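Q: I want to learn how to read a model of this kind, feature by feature. Where do we begin?

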Amino acid sequence: MNLIPDLEVHRPVSLGEALKQMEAPGAKPLAGGTDLIIDLREGACEARTLVDLTRVKELDYIRESEGMIRIGAMTHHTDLMTSGLIKTKAPVLSEAASLVGSVQIRNLGTVGGNICNASPGADTATPLLALGAEATLSSSGGVRTIPLGEFFAGPKRTSLDTGELLTELSFPTPPTGSGGAFQKLGRRKGCTLSLINIAACVELDGDTCSEVRVAVGACAPTPVRITDVEEMLKGKKVDEAVIDEVSSACYGLVQPSQRAHSRASEEYRREMSCVLMRRALTTALERARGNK
Amino acid sequence: MEYDKILEDLLGRKEFLVVGKSIIRTDALDKALGRARFTSDYIQPGTVVVKEVYSTHPHALIKRVDTSAALKVPGVLAVYTGADVPGMNQIGYAIPDQPFLCDEKVHFIGDPIAIVCAEDEYAAQEARDAVVVDYDPLPANLTIDETLAKGAVHIHEGGNIAIESRIRKGDVEKGFSEAKVEIEETYETPYQDHAYIEPDVAYAVPEGAGKVTVIGAMQSPFLVREKVADVLGWKLNQVRVIQALTGGAFGGKDDTGPLVSAKAAMAAVKLGRPAALVYDRFEVTAYTPKRFPSRIHLRTGVDKDGMLTATKVDIKLDCGAFANRAPYWLWRQTVHATGPYEVPNVHVDGTAVYTNKVFGGSYRGFGDLAVHFAVDSHMDRLANELGMDPVELRLRNVLTVGKRTASDQLLDHSVGIEECIRGVAEASDWAKIREPRRNGSKVRGVGIGTAHHGISTSRGAPDWSAASVILNEDGSFTYRTSICELGQGTPIGHAKIVAEIVGAKMEAFHIEIPDTDTMANARPTHGSRGLTLGGTAAADAALKLRGQMVNIAAILFECEKDRVDLRDSVASCKDDASKTISFKELAREMYIRGANPAAYGFFTPPRRFFDPETGLGVSYPAYTFAATACEVEVDLETGQVEILKIWPAMDVGKAIDPLLIDGQIHGAISHGIGIALMESIRLDAGEVVNPNLTDYVIPSSMDTPEVAESILVEKPYRHSAFGAKGVGEPAIISIVPAISNAIYHATGVSFNTIPITAERLHAALRRGDR
């Protein structure tokens with residue numbers, strides 16, 4: 001492992017200032033640094049200019065307005081975990097945030113950093129995908145909003161343009177009759193990377209599943225929705241047999257890494273996608289039924 | 001003298017003052033508040049930065065080392081290769097097979113070739129990367145079978161076998177003919193990284209001509225002194241070694257301490273400036289010694305009554321690039337090969353082989369973890385075949401006073417394994433929790449593991465310890481040992497022994513950090529000897545000082561010496577309550593009257609011996625015994641294992657401090673869970689591919705189970721202070737088989753290799769391996 005290379009570090013206090021500094025060639029934002037510092041030491045990050053966003057307080061918020069829950073990119077995992085709004089309206093996200101790394105990582109790491117690091121197994125990515133989140137990208141030139149699924153371009157790659165920052169993640173406030181759940185499998189119980197994680201959000205209209213989004217992490221080059229499963233559930237009366245059937249289908253729908261020295265084998269991840277999907281859907285439906 | 005009877009025989013008391021009671025560690029507050037000083041805290045600005053150039057080939061001849069580009073890097077002071085070593089370019093521990101800096105060939109990826117010295121970290125890193133090494137690659141032997149294959153390239157001059165061992169006791173074929181059931185299996189245990197918090201570090205300061213001081217993380221200051229002196233070509237008294245508080249070691253720093261210290265010392269002496277070598281996590285995980293992997297083939301017979309009749313064992317130990325501790329490790333495995341059970345006919349063959357991988361080394365449990373995993377897994381299989389309860393089978397065969405070990409050592413006292421097994425069976429309500437329990441996809445099981453672990457060095461190597469205690473003029477005491485504080489608290493145990501004997505308050509003590517210039521060699525902190533031998537040397541010193549204190553007190557009180565009582569840092573006359581003086585006054589009187597206020601202790605346990613042809617003899621002075629019961633819950637859908645509860649028991653001889661023992665037991669439980677369920681060094685063509693704590697996964701606090709109250713059995717050992725036996729290593733040994741047997745009980749799947757990861761268990765359940 002190498003030393004952190006010589007870096008120019010900017011410490012803006014406003015978004016405007018940060019966006020200007022992001023225009024420098026090869027500039028990279030520093031949020032919690034829990035991934036970036038390791039990348040710098042391993043030579044996986046070429047950046048020599050860092051824009052430290054920790055003082056940009058205007059990116060640190062969780063609020064609800066006009067039927068949308070909006071989360072600033074510099075919101076820490078600990079805040080997602082403890083926020084009353086998230087815990088009551090989108091527990092799938094607070095659950096996932098509570099399982100990110102350790103206490104120290106959750107205190108330093110941010111949701112924006114977790115998404116921009118674009119790990120295929122990022123723990124906050126799957127719940128946000130399942131919540132139908134959008135990503136707001138800002139640059140000196142303007143602001144654009146894209147579905148989160150389009151934000152991920154590959155393992156550790158995003159669709160951010162040069163000079164652009166992820167500034168906000170937002171999703172419609174889950175309605176009454178909806179429920180979500182997060183399932184994660186790691187190599188130990190605490191402070192663990194996901195071998196696979198799954199988030200499911202469902203909405204019930206009586207006994208019928210009116211809306212459903214499921215997303216899986218560490219089972220494809222990016223965190224992804226599994227629309228085939230969603231289609232199989234939508235408009236159906238869901239019972240145990242239906243859940244079993246759609247969950248089993250995951251085996252052939254996920255595309256885990258086949259790399260040697262991967263953290264888990266392709267076969268194990270396929271099998272676990274079925275188990276975790278069944279558990280996530282079962283819990284999400286239970287919560288939806290109780291959410292009146 | 002029978003040191004276990006000091007209290008009655010020499011102190012004339014029936015009750016203990018501090019021994020046997022749990023105290024708050026004297027160093028607890030400093031460590032909790034971050035005030036304790038570790039090696040890196042001593043390193044001053046302006047210190048020369050030392051880095052190593054490592055081999056990138058698992059096996060190759062070195063054609064040329066070109067340092068010219070490295071020397072041109074601004075800020076670089078020197079680059080040293082093997083040719084620059086002033087003394088011996090050889091640092092092998094048991095066998096001289098390990099160059100200090102490789103000059104002819106490299107033996108694994110990570111073998112050191114040169115050291116780079118620079119003004120700062122960046123210059124050192126740049127220069128390290130600029131050193132050019134031309135290799136002539138050789139075929140690499142990466143497995144036991146590859147290296148033993150006919151025609152395999154030799155890793156060292158003598159071939160690929162480092163050392164062999166054997167036991168021939170009784171007649172195994174006759175024993176097998178008497179067996180009703182025979183089971184034969186091969187068990188494998190992997191590398192394990194120590195994953196200590198503090199990476200390896202040494203700071204060396206030249207002290208004028210012909211003297212150097214090394215401050216570092218280590219377990220044996222005197223071994224470090226010897227190796228530094230060898231490398232420098234100096235006498236022992238030219239090297240002063242100070243062991244700073246060390247942030248975890250678990251055996252690892254016994255091996256790395258000399259290697260790291262000698263490099264820092266060579267740089268400091270050659271440059272005439274303070275120099276420091278500080279490892280990062282990558283270096284620690286990829287290049288420093290690991291738990292030796294081993295492959296144990298076990299064939300065991302048991303008769304219709306459940307009595308073991310014979311055991312035939314073949315041990316293959318994978319040394320990696322160098323033998324290092326392998327002769328001792330293999331010997332320990334050989335003489336412990338039956339577990340804590342009596343077997344009349346024993347045949348053991350052990351072979352330690354070289355491979356082109358990171359080398360093995362000292363590690364908590366030292367070979368016995370692998371052996372007991374094999375033996376206790378085997379016991380459960382035998383019990384299953386016999387239709388007998390696993391606890392019952394163990395109790396029928398367990399070592400008791402009057403029985404003989406695998407090496408035919410007669411155990412005449414201090415044998416508490418039966419009580420340990422009975423203790424955990426009773427505490428866990430064994431018969432009841434052995435009933436199968438299933439809830440949805442979760443199934444519960446319970447298992448038992450056992451341990452016996454010889455105290456002191458292996459192969460009958462001479463062993464001794466030393467200690468010193470000074471009564472200062474104000475009544476305070478200074479205690480000195482070279483047994484190291486590594487987090488386990490052994491020196492505090494020593495101080496308690498001294499306090500008990502001289503009747504002082506614990507707060508009157510200051511424990512010096514080890515310094516080789518101030519005392520004779522007290523030998524290493526390994527082999528579970530730190531308390532048993534080191535503590536007894538402390539008792540020897542304390543008894544002498546007590547005699548000197550009592551002499552003066554008796555004169556002052558005008559009474560007989562046996563009427564003087566020392567306790568709570570006050571001397572008094574048992575017959576006259578008016579006659580008391582504080583230790584402060586007593587100390588002043590001693591200094592004024594010319595009575596020696598200091599004492600020096602030295603101790604050696606009874607000599608051991610063995611016949612190299614048969615391996616029979618007295619292998620260890622004493623054994624610590626342990627048993628663990630474990631309840632697990634297995635998720636049959638994911639293969640995940642949750643350890644629900646652990647019931648630990650240990651025969652500790654005499655508990656000097658139950659809380660410190662709990663510290664060892666609880667730590668060992670997590671440590672054992674690590675190797676049983678998750679820890680795995682992964683190699684690709686000899687290269688460690690997970691040299692970090694992201695992918696070398698160790699248990700987190702969330703993986704810690706409920707732990708029942710420790711059952712401490714006290715069967716004192718005659719030749720140690722108050723009868724105490726070491727606990728740190730034995731604590732881990734029985735955890736692994738307890739877990740694997742609990743999984744076996746829950747699922748019917750018996751694993752011959754660890755770690756039992758969720759993925760492996762899931763695959764086994766899928767295949768129906770029952």
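A: Begin with one residue pair in a strand. In chain B, B:Arg64 has B:Asp134 of E6(B) as its bridge partner. Keep in mind that this is a predicted model.

Q: How many bridges join strand E2 of chain B to E6(B), and which way do they run?

A: The general idea comes first. Strands of a sheet pair through backbone hydrogen bonds, in either a parallel or an antiparallel way. Here, strand E2 (residues 60-66) of chain B is joined to E6(B) by six bridges, and the two run antiparallel.

Q: What is the strand order of the open sheet in chain B?

A: The order is E4-E2-E6 (chain B), three strands with antiparallel pairing. Strand E4 (105-106) and strand E6 (132-137) of chain B are the edges. Each has a single partner strand, so one side of each lacks a neighbour in the sheet.

Q: Now step back. How many helices and strands are there in chain B?

A: Chain B has 22 helices and 34 strands. Its C-alpha atoms fill a box of roughly 80 × 75 × 55 Å along the principal axes.

Q: What does the radius of gyration say about chain B?

A: Compare it with the value for a compact globule. For 770 residues that value is near 27 Å; chain B has 27 Å, which agrees. Burial is the next check: 59% of the 770 residues in chain B are buried. Then look at contact range. Of the contacts in chain B with a separation of 6 or more, 81% are between residues 24 or more positions apart.

Q: Which domains does the assignment give for chain B?

A: Domain 1 is 3-36 + 464-603, domain 2 is 39-138 + 200-278, and domain 3 is 290-459 + 611-767. The C-alpha centres of domain 1 and domain 2 of chain B are 38 Å apart. Their contact takes 16 residues from domain 1 of chain B and 18 residues from domain 2 of chain B. On the domain 1 side, six residues are nonpolar, six polar and four charged.

Q: Which residues have the most contacts inside the largest nonpolar core?

A: They are B:Val116, B:Ala264 and B:Ile739, in a core of 244 residues. Helix H17 (residues 534-557) of chain B gives the most to this core, with twelve residues. Another core lies apart from it, with 81 residues, including A:Leu50, A:Ile71, A:Ile196 and A:Val216.

Q: What is B:Ala264 in contact with, leaving aside neighbours within four places in sequence?

A: The partners of B:Ala264 include B:Val50, B:Ala202, B:Tyr203, B:Ala204 and B:Val214. B:Ala275, B:Ala276 and B:Leu277 are also in contact with B:Ala264.

Q: And chain A: how many helices and strands?

A: Chain A has twelve helices and 14 strands. Its radius of gyration is 19 Å, close to the 19 Å of the globule rule for 292 residues, so chain A is as compact as a globular protein of that length. The box filled by its C-alpha atoms is roughly 60 × 50 × 30 Å. Of its 292 residues, 50% count as buried. Among contacts in chain A between residues at least 6 apart in sequence, 65% join residues at least 24 apart.

Conventions:
Residues numbered from 1 in each chain as written. Chains lettered and ligands numbered in written order. Predicted model: local features only at pLDDT ≥ 70, side-chain atom pairs only at ≥ 80, totals over all residues. Core = buried A, V, L, I, M, F, W, Y, C linked by C-beta atoms within 7 Å. Buried ≥ 20, exposed ≤ 12 C-beta atoms within 10 Å, placed from the backbone. Helix = DSSP H or I, 4+ residues; strand = E, 2+ residues; numbered from the N terminus. Contact = placed C-beta atoms within 7 Å. Domains from an automatic or database assignment. Nonpolar A, V, L, I, M, F, W, Y, C, P; charged D, E, K, R; others polar. Rg over C-alpha atoms; globule rule 2.2 N^0.38 Å. Pairing = 2+ DSSP bridges.
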